Amino acid sequence: MSITLTQGLLLGVFAIIAGLDSWLEVFYIFRPIISCTVTGLILGDLQMGIIAGGLTELAFAGLTPAGGTQPPNPAICGIMTVVIAHSTNVSPSTAIGLSLPFAMLMQYILLMYYSVFSFFMPKLDQYASEANTKKFAQISYLTMGIVCLTFFLVTFLSAYAAQAPMAALVKAMPVWLIHGFELAGGILPAVGFAMLLKVLLRVEFMPYLLLGFVVASFINFDNVLPAAVIGIIFAMIEFFRDKKHKELQAEIENMKNSDNFFGGDQDGI
Amino acid sequence: MESKELNQKLTSKDLTRLAMRSCLLQSAFSYERMQAGGWTWAQVPLWKKIFGDDKKALSEAMTDNMEFINTSPPMVSLLMGLLMSLEEQRVDRQTIKGLKNALFGPLAGIGDAIFWFTIMPIVGGIAASFASKGNILGPIIFMIVYFGIFLLRIPFARMGYNLGAKAIDVIQENSEIISRVATIMGLTVIGALISSYVTLSLTVKIGDVSLQKDFLDKIFPNILPLAFTFLLYGLLKKKMSPIVLILLTFIMAIVCSFFGIM
């Protein structure tokens, strides 16, 4: 189904909100699970939006800005996944792959802004030293305004203006290619998880990773809650052990000190 | 004690305001100073209240705070509250600046460990498992949890303000154990997520024997997703960029689809 002008504009407005949130990282409505759902609501296909939200959220689970690398923009990826699935009738997991170029486009625009906004810093320094809070605020509004406008334009153009070429592209894709994209959508979470492992995994933590894997592979339960509870259990054990360890160490320190004291005394005699 | 009451100009309403304004932290983000612009802007109204007509003090505070800072957005109000209590006491500028520089790094470490590496996989994983079956509970759970995390900015600001300089010991002493504990929780869940949500299975048959169903699944279910995740992990360790890995994943999937392997 095609996207109407009203829907395109509404998506643009939502992109302003979600985009600003992804810039500031406050409410996390920029995460795919929310941005997909809202997009589904706007396009009148809430059910598909929710399903796409679950799949895309997992694909982005490990793609976080923590650790210094800016990932493909999750807000745009969420919006475009639902837009593409809705307008070209492909499955949501195929649509994730097709929406990635749009998310990467936004990623590179934001990276460019990070560099460009450095030029505002001397102005901010000047207003800071003059204690000119009004002018200082204006610069901050300006940077946020630029970000909002960009999110609106990118989303409106990608969702509304580019829908005909997009539909033509999907139509021209052979079955094996569409199926390939669908497979990739299912494997994609592995990239995010690998990125999390790169930050978190040390040899001493390996048992916990394997434990979670084994639990989920052999317990038939709908979600990862059992593994999360087991994780919490081990975290508590570790926490109390660490506390005990610290107490013990403090005691040993004390004993050592008093030993020295004694030693000193005896030496004196 | 007496002097503290004498100098106390900030009310709990002001601290709530500070917590709300802490959302502006990344408003003027740039590579050169990271969050400095938003960090300064967020605190301006409270400084104005503390310094009153003293323009010089305000200018000095703003200039000092325009130095590089990069910390955890959900926890930043803790640091703001802490430093604000020192500003209120008119502690000398050098001390405040030193504390800020000493604390923003460890706070970023704690924040990333708790919010990105632990809460995000757990809440995202559970919410997504509802959502991928079409259950609206998924996005609703996610939104409620993250709204709660947003509201935490208020107690964080109060905690920082009330503890004042005492918060420094609390942050520095506990940052190591907090990240350890968070890592354990996070990794357990990531192990489960790899098993549940990386979909990778072969359709190849050798004679009548399906390689996936009759062979791999009998040895260990989900062994392929685990192996593939570790392959990617190894490539990341070799400094390969995530974007390249995403492309590799697509190429592999498309090639396998073309030859009917998957």
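Me: How many Å separate the centres of domain 1 and domain 2 of chain A?
Reply: This is a predicted model, in which local features need pLDDT of at least 70, side-chain atom pairs count only at pLDDT 80 or more, and totals for chains, interfaces and linings use all residues. Residues are numbered from 1 along each chain as its sequence is written, chains are lettered from A and ligands numbered from 1 in the order written, and side-chain values use heavy atoms, without hydrogens and water. Chain A is split into domain 1 (5-201) and domain 2 (202-258), with bounds from an automatic or database domain assignment. Taken over C-alpha atoms, the centres of these domains of chain A are separated by 36 Å.

Me: How far apart are the domain centres in chain B?
Reply: Chain B has domain 1 at 2-193 and domain 2 at 201-258. The distance between their C-alpha centres is 40 Å.

Me: What area is buried between chain B and chain A?
Reply: The contact (heavy atoms within 4.5 Å) involves 94 residues of chain B and 99 residues of chain A. Buried area is the accessible area (1.4 Å probe) that two parts lose on being put together, summed over both. Carbon and sulfur atoms give 78% of the area, and the total is about 9,100 Å².

Me: Which residue of chain A meets Arg33(B) in a salt bridge?
Reply: A salt bridge here is a side-chain nitrogen of Lys or Arg within 4 Å of a carboxyl oxygen of Asp or Glu. The rule finds three across the interface of chain B and chain A. In one pair, 2.7 Å from N to O, Arg33(B) meets Asp125(A).

Me: Which residue does Arg31(A) pair with in a salt bridge?
Reply: Over all chains the count is 15 salt bridges. In the one formed by Arg31(A), the closest N and O atoms are 3.1 Å apart, and the partner is Glu57(A).

Me: How are α7(B) and α8(B) oriented to each other?
Reply: The axes of α7 (residues 137-151) and α8 (residues 153-163) of chain B come within 4 Å and cross at roughly 25°. Angles under 35 degrees count as roughly parallel, over 145 as roughly antiparallel, 65 to 115 as roughly perpendicular and the rest as oblique. α7(B) and α8(B) are therefore roughly parallel.

Conventions: Axes fitted to C-alpha atoms, helices over the stretch in contact; angles between N-to-C directions. Helix = DSSP H or I, 4+ residues; strand = E, 2+ residues; numbered from the N terminus.
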